[in-house]
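Please read them alongside the sequence and the structure.

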Amino acid sequence: MAKAPVATCMILAEPTFIHMDLVQDSDTSADKIYVFFTETAVEFEFYDKLLVSRVAQICTGDLGGKRMLRKRWTSFLKSTLACSVPESDFQFNVLQDIFVLKTTKRHQTIFYGLFTQQWGKLDISAICIFRMQTVQDTFQKGSFKGPLAMEDSHTKWVVYRGDIPTPRPGACVGLSAQRQGYNSSLDLPDRVLQFASDHPLMDSTLTPIGQRPALLQRGAKYTKLVVDRTSSLDNETYDILFIGTGPLVRGVSLPASAAPG
């Protein structure tokens, strides 16, 4: 991996970083690091600081731009992780921990997220399972959000409806871009870099498998999570969850079929 440029402070809002993980691609120049964190939402108008959980991508071959975004990420994009109980409107918006469960087939990689609530009297922890393929599709094909200045000097974040420059902003400079004459991020046009700088947030909210938590626990605030996949004597595959609250650890097993690739 090349010497990393620094991220710009404008793309993050009071972040608390939780985890990062490398996910390799068949095109090695398109390998990505995924960063999981909680930050203050800038896209919502709220009476108090609303926290949201995010996943962001950074290409391992990102060298920054030649003129714009010099020594800064050109591939940084972020999207929101949603973990909620739809019928009860319980929103678990604070990310506590992440465990990425990798398989030999990259498109079947999933990750477990451990979430808690920002507000409310109920002491509940939730675990939601997400497909990494859904995250990748969002960054590769999804719509962007961007800031729109209002007359009262207020900034509102809206879905970008205009033309998206090519190569696609935030995409790794892999084999496809190299065929177009772009050998690294240093070769990217200024219009692509400007768009990437102005539109780091994706419009889509990433929802978990099954559209709801795989596990809810009342009366406990879980903080750590480790997952192991194993086969039992009945030839079924299970994901074993080790969940920690400080020095205490609880073990839970879930059928792997509950988290299909």
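**Notes on the disulfides**

1. Both C83 and C128 are buried, where buried stands for under 20% relative accessible area, exposed for over 50% and partly exposed for in between (1.4 Å probe, protein chains only). Please keep in mind that this is a predicted model, in which local features need pLDDT of at least 70, side-chain atom pairs count only at pLDDT 80 or more, and totals for chains, interfaces and linings use all residues. Residues are numbered from 1 along each chain as its sequence is written, and side-chain values use heavy atoms, leaving out hydrogens and water.

2. C83 and C128 are joined by a disulfide, S to S 2.1 Å (a disulfide being a pair of cysteine sulfur atoms within 2.5 Å). This link connects distant parts of the chain, 45 residues apart: C83 lies in the loop between β4 (77-81) and β5 (84-85), and C128 in strand β9 (residues 124-131). Helices (H or I, at least four residues) and strands (E, at least two) are DSSP runs, numbered from the N terminus.

3. Which hand does the link of C83 and C128 have? With 80° about the S-S bond, it is right-handed.

4. C59 and C172 also form a disulfide, with their sulfur atoms 2.0 Å apart. This pair, too, links distant parts of the chain: C59 is in strand β3 (residues 51-59) and C172 in the loop between β11 (155-159) and α2 (175-179), 113 residues apart. C59 and C172 are both buried.

5. The torsion about the S-S bond of C59 and C172 is about -95°, so this disulfide is left-handed.

6. The count comes to two disulfides. With the bonded cysteines of the protein chain numbered in sequence order, the pairing reads 1-4, 2-3.
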